[in-house]
Amino acid sequence: MSETVLITGASSGIGKAFAFKYAKMGKNLILTARSKDKLDKMKEEIKKKFSVDIKVFIKDLSKEYSAKELYEEIKNNNLQVDILINNAGFGTSGKFHEKEFSSQHGQIILNCLSLADLTYFIVKEMAERKSGTIINVASTVAFQAVPYMAVYGATKAFVLSFSEALHQEYKEYGIKVTAICPGATETGFFDTAGPVGLGKYRTADMVTETAIKAAGKNKQFAVDGIKNYMVTLLSRFLTRKKTTEISGKILKKSLNAL
Ligand SMILES: NC(=O)c1ccc[n+]([C@@H]2O[C@H](COP(=O)([O-])OP(=O)(O)OC[C@H]3O[C@@H](n4cnc5c(N)ncnc54)[C@H](OP(=O)(O)O)[C@@H]3O)[C@@H](O)[C@H]2O)c1
């Protein structure tokens, strides 16, 4: 029987690219996001190309307990998740106190809490079956503090740390847990985050290729793109204070250029 992949934030960007890649591999899909129209359209597009089952669940994962609700809806439909892609997320930029409370609060719930909650329920089942794969979408910002994107940077540090810990914990169950760390990638992300990306953007296709390969090899984490990887090495060679200063200066410069 074909495996089933649950993808959060499947309606655009990296999540959408994961959906097409896994469909091409013959995997059934459970797609979730808030945009029903986009997911329904995608479902039709994928079905025309690939012979796979697709279920769509509409959920706002920035609400507390929404991931638990999503899991319950998936179970009520008698579905089993073999591969979990925790991808939904967004970032904001600017001074911490100047952003809307709801967006700072919702960002932490979506990027951290919902990711951990969904993983909790699904890894429990995977542990019983002694198999499964989890890919968590972190970021290159996970490697250092990011002034002017303080919340986003901290949420991605959580995703990386959480994933690396689970990678070790669940090795003995035969469960693969990998954090993928993309750098600036051409998606809708910057519509909300603002012009904070540096250098030449990678594509969602490249990121998902890197992620699926890394998960196949059960890597603890993978940085997408060699240049991005080199940048993450800075935090190993410089002091934490220095890397924070550098990332703050870069962010401030790109935001002042507005
Ligand atoms: N693009 C980059 O440069 C970059 C770099 C590093 C990491 N990342 C990470 O990559 C992941 C995917 O982002 P992307 O770049 O593909 O951006 P994107 O094109 O904006 O996609 C974000 C996805 O998350 C979903 N989403 C947003 N808010 C949600 C909510 N409240 N509840 C449920 N789903 C929600 C969106 O769907 P709906 O709007 O339909 O809900 C969409 O499908 C994120 O975790 C992001 O932090 C991106």
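Student: At what angle do H1 and helix H7 pack?

Tutor: Keep in mind that this is a predicted model. H1 covers residues 13-24, and H7 covers residues 204-216. Their axes lie 8 Å apart, and the packing angle is about 60 degrees.

Student: Is H1 roughly parallel or oblique to H7?

Tutor: Start from the angle of about 60 degrees between the two. Roughly parallel needs an angle under 35 degrees, and roughly perpendicular takes 65 to 115. As for handedness, the crossing of H1 and H7 is right-handed. Given that angle, H1 is therefore oblique to H7.

Student: Which residues in H7 does H1 meet, and how many residues of the contact are charged?

Tutor: From H1 come Gly13, Ile14, Lys16, Ala17, Phe18 and Lys21, and they meet Ala204, Asp205, Val207, Thr208 and Ile212 in H7. By class, that contact has 6 nonpolar and 2 polar residues, and the charged ones number 3.

Student: How do the axes of H4 and H5 cross, then?

Tutor: H4 spans residues 101-129 and H5 spans residues 150-170. Their axes come within 9 Å and cross at roughly 10 degrees. That makes H4 and H5 roughly parallel to each other.

Student: How many charged residues sit in the contact of H4 with H5?

Tutor: On the H4 side you'll find Ile108, Leu115 and Val123, among others, while H5 brings residues including Phe158, Val159 and Phe162. The contact counts 12 nonpolar and 4 polar residues, and as for charged ones, there are no charged residues.

Student: Which helix gives the most to the shell around the ligand?

Tutor: The ligand is surrounded by 29 residues, with Gly9, Gly13, Arg34, Ser35 and Gly89 the closest. Sorted by class, the shell holds 11 nonpolar, 15 polar and 3 charged residues. The top helix gives 3 residues to the shell, and that's H1.

Student: What radius of gyration does the protein chain have?

Tutor: The chain has 9 helices and 9 strands. It is as compact as a globular protein of its length, because the globule rule gives 18 Å for 258 residues and the radius of gyration is close to that, at 18 Å.

Definitions and conventions
Residues are numbered from 1 along each chain as its sequence is written. This is a predicted model: local features need pLDDT of at least 70, side-chain atom pairs count only at pLDDT 80 or more; totals for chains, interfaces and linings use all residues. A residue is near a molecule or strand if its C-beta atom, placed from the backbone, lies within 6 Å of it. Helices (H or I, at least four residues) and strands (E, at least two) are DSSP runs, numbered from the N terminus. Ala, Val, Leu, Ile, Met, Phe, Trp, Tyr, Cys and Pro count as nonpolar, Asp, Glu, Lys and Arg as charged, and the others, Gly among them, as polar. Axes are lines fitted to C-alpha atoms, for helices over the stretch in contact, and angles run from 0 to 180 degrees between N-to-C directions. Angles under 35 degrees count as roughly parallel, over 145 as roughly antiparallel, 65 to 115 as roughly perpendicular and the rest as oblique. A crossing is left-handed if the near helix is turned anticlockwise from the far one by less than a right angle, and right-handed if clockwise. Two residues are in contact if their C-beta atoms, placed from the backbone, lie within 7 Å. The radius of gyration is taken over C-alpha atoms; the globule rule is 2.2 Å times the number of residues to the power 0.38.
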